[in-house]
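Please open the model in a viewer and keep the selection panel at hand.

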Amino acid sequence: MGRVIVVTSGKGGVGKTTSTANLGTALALLGKTVVVVDADVGLRNLDIVMGLESRIVYTSMDVIDKQCELSKALVRDRRVDGLTLLAASQKNNKDDIQPAQMKAICDKLRSTHDFVLVDSPAGIERGFSNASAGADEAIVVTTPDVSAIRDADRIIGLLQHARIEPINLVLNRFSPELVGNGSMMDQADVMDILNIDLLGIVPEDTGVITSTNRGIPLVYEETSAGAQAYMRIARRLTGQQIPIPDLEQKGLFTSILNWFTRKS
Amino acid sequence: MANSIVALRAYRDGLHLIIKPHLSITEIEKAIQEEISRMNRPLNGASIQIDLKAPTLQEEEMAYLRSKLKETYNLTVREFMVASEEPAPPPIAAAPTTHIITQAVNPPDSRESEPSRIIPYTIRSGQTEDFPQGSLIIYGDVNSGAEVRAGGDIVVLGALRGNAHAGMNGRLSSVIIAMNLVPMQLQISNYLNRIPIGEKSRGYPEIARIGKEDVIIVERFVKF
């Protein structure tokens, strides 16, 4: 039986879809069978980030409406073995799907895949309840800014209420320079507030923009820092013990300053 | 304003005006005017204590200050205190409350006979905990965007980052205690207060209560 993991955040634009595409690809590169499910009905994006938009014939809506078999709706990613996409309908909206229907799809998918990654839409409404309905674990993606953290905190509360666990954190768009000069929250501050397990930190990487526009997930770009971070996260998801590297290379001056001003 | 020449602070025994040493009376006067204009309510009729550090002001300068404060701001100077050294620990200033209740009914202190409720987890953004029957004890944090309300006290054995309302039924003796008190807003009975923006954690437990001058004051929590 495979694992159904919902990738969510509360706030939009923090990297849920990018993380889903990259982790899905990374897990497939590690030899796992993976299906990435776009749950953002009406505002689908995952297909673009995966570079599969031209090959979508059927969507999860067609499966629910019994227009096609689930297996026929899965779009195979030809670049790597074992990776498929289940797209969301762009014509419908989130209220056209019931949480129970999403759960049924996830339950079917988990019997044939190692990992089912569900890309949740932003928000805490129907789209989120649909995305999390079939999940037994969650990855919360956040950036180190106060508004994203507050929304992540809200989502964690809702996931806990729905008894989805474990809930792991991916800290995205982390910038050691900004942390160094004191304009970004550091890792310790984020973990202190959210208080869940840290799955990994993805450094700010402009390569994400080009990779999204070209429809080639960053993980294929092996030398990029973002790609390496996603590969490490994927390995951790498979149970490997990979330490989280310290990205906060503080200068000597900041270290001394922190020594004097640090909180007890 | 930790670096300013004068600072108005609410302590448990009332308002204090703290004046730095080595300053001319004109500098002090100007600084007082700036400090008072920052307040969001008039201090009309309040009595204050003036804390000085050696070398102190001359007798006539003190007298001048006393009459000046009276006629310009209607502030009565209780006394001039000359501190020999740095007062420790410095309680954190709380901005004056947004409104004042002059005739508040204070029900008898019933802490011991009241029930209390333990919340053994962190209260996250969007979540609320209400306990009008008594006090709330939280074995975790109250995060930004979360809200806790209690008829009695609120004790947070973690960080209080959201909103807390103690004494929601009107008990003025209710207190809010947190290991790390960095809330958005504090409310005790009908008194509302917020921590100045950008206020950082002090790194020790603190207690918020209603002080003598009808403001919520926050100070280091040593014992009840």
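**The interface between the chains**

Between chain A and chain B, 8 residue pairs are in polar contact, with both residues of each pair at pLDDT 80 or more. The model is a predicted one.

Select helix 7 (146-161) and helix 9 (187-194) of chain A: each contributes at least two residues to the side of chain A that touches chain B. Helix 7 of chain A provides the largest share of that side, 6 residues. By class, the side of chain A that touches chain B comprises 4 nonpolar, 4 polar and 5 charged residues.

Next, display both sides of the contact, to which chain A and chain B bring 13 residues each. About 1,000 Å² is buried between chain A and chain B, and carbon and sulfur atoms account for 35% of this area. Now highlight A:Arg150, A:Asp153 and A:Arg154, which supply 45% of the area that chain A buries against chain B, more than any other three residues.

Then turn to the salt bridges, of which there are 2 across the interface of chain A and chain B. One of them joins B:Arg161 to A:Asp192, with the closest N and O atoms 3.1 Å apart.

**A helix pair within chain A**

Select residues 16-29 (helix 1) and residues 225-237 (helix 11) of chain A; the two axes come within 9 Å and cross at roughly 65°. This crossing of helix 1 and helix 11 of chain A is right-handed.

Show the side chains at the contact: residues of helix 1 of chain A, including A:Leu23, A:Ala26 and A:Leu27, meet residues of helix 11 of chain A, among them A:Tyr230, A:Met231 and A:Ile233. The residues of this contact divide into 9 nonpolar and 3 polar, with no charged residue.

Conventions. Residues numbered from 1 in each chain as written. Chains lettered and ligands numbered in written order. Predicted model: local features only at pLDDT ≥ 70, side-chain atom pairs only at ≥ 80, totals over all residues. Heavy atoms only, no water. Contact = heavy atoms within 4.5 Å. Buried area = accessible area lost by both parts, 1.4 Å probe. Salt bridge = Lys/Arg side-chain N within 4 Å of Asp/Glu carboxyl O. Polar contact = N/O pair within 3.5 Å; in protein donor to acceptor, adjacent residues only side chain to side chain. Helix = DSSP H or I, 4+ residues; strand = E, 2+ residues; numbered from the N terminus. Nonpolar A, V, L, I, M, F, W, Y, C, P; charged D, E, K, R; others polar. Axes fitted to C-alpha atoms, helices over the stretch in contact; angles between N-to-C directions. Left-handed = near helix turned anticlockwise from the far one by under 90°.
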